[in-house]
Amino acid sequence: MPKVRRSRKPPPDGWELIEPTLEELEQKMREAETEPHEGKRITESLWPIFKIHHQKSRYIYDLFYRRKAISRELYDYCLKEKIADANLIAKWKKSGYENLCCLRCIQTRDTNFGTNCICRVPKSKLEEGRVVECVHCGCRGCSVRV
């Protein structure tokens, strides 16, 4: 099974603790990439990839900022090697974006009316019983539940 790390520089201390989880997520990513997509829309075939990408970045974020289980050096290594998405993590640190599913949901250029994605609308502002599903990543609501 191929390793997660990509550079020749050895990883910092603590890598052994997170490597099994990252390898498992990398395996899921490979399965999602090779999964057949007949009968699905183009965007629907990308949803599992976005989900796994989010899981990997959230895992690194939680270990460093919430649980304080990894060092700054290991965190920077994961960002430099693009194991976690630095831009997505930067948004999670800002108020109101703590539950953001992907960066495409806040890009206004990707929508018809120059607004955010429907999944960013709080549940209290939507009709009762309406099922919301993001066109970009398939999330069912990443806004703050007010």
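## Largest pocket and overall fold

The largest pocket has a volume of about 170 Å³. A pocket here is an open set of points on a 1 Å grid over the protein atoms alone, where a 1.4 Å probe fits, with protein on both sides within 12 Å along at least five of seven lines. Its volume is the space filled by probe spheres set on the points, which are joined across faces, edges and corners. This is a predicted model: local features need pLDDT of at least 70, side-chain atom pairs count only at pLDDT 80 or more, and totals for chains, interfaces and linings use all residues. Residues are numbered from 1 along each chain as its sequence is written, and side-chain values use heavy atoms, with hydrogens and water left out.

Which residues line the largest pocket? They are Phe-50, Lys-51, His-54, Gln-55, Asn-99, Cys-101, Cys-137, Gly-138, Cys-139 and Cys-142. Lining residues have an atom within 4 Å of a point. Five of the lining residues are nonpolar, four polar and one charged. In this scheme Ala, Val, Leu, Ile, Met, Phe, Trp, Tyr, Cys and Pro count as nonpolar, Asp, Glu, Lys and Arg as charged, and the others, Gly among them, as polar.

Two domains make up the division of the protein chain: domain 1 (15-93) and domain 2 (96-145). Their bounds come from an automatic or database domain assignment. Each domain gives at least three residues to the lining of the largest pocket. Over C-alpha atoms, the centres of the domains are 20 Å apart. Ten residues of domain 1 are in contact (heavy atoms within 4.5 Å) with 15 residues of domain 2.

The protein chain has four helices and zero strands. Helices (H or I, at least four residues) and strands (E, at least two) are DSSP runs, numbered from the N terminus.

| Helix | Residues |
|---|---|
| Helix 1 | 15-34 |
| Helix 2 | 42-66 |
| Helix 3 | 72-80 |
| Helix 4 | 86-92 |

In helix 3, Leu-74, Tyr-75, Tyr-77, Cys-78 and Leu-79 are buried. Buried means under 20% relative accessible area, with a 1.4 Å probe and protein chains only. Helix 1, helix 2 and helix 4 are among what covers these residues. Lys-82 follows helix 3, and its phi is positive, near 60°.

Now the whole chain. Of its 146 residues, 37% are buried. The C-alpha trace spans about 50 × 40 × 25 Å along its principal axes.

How values were computed
Buried < 20%, exposed > 50% of the residue type's maximum accessible area, 1.4 Å probe, protein only.
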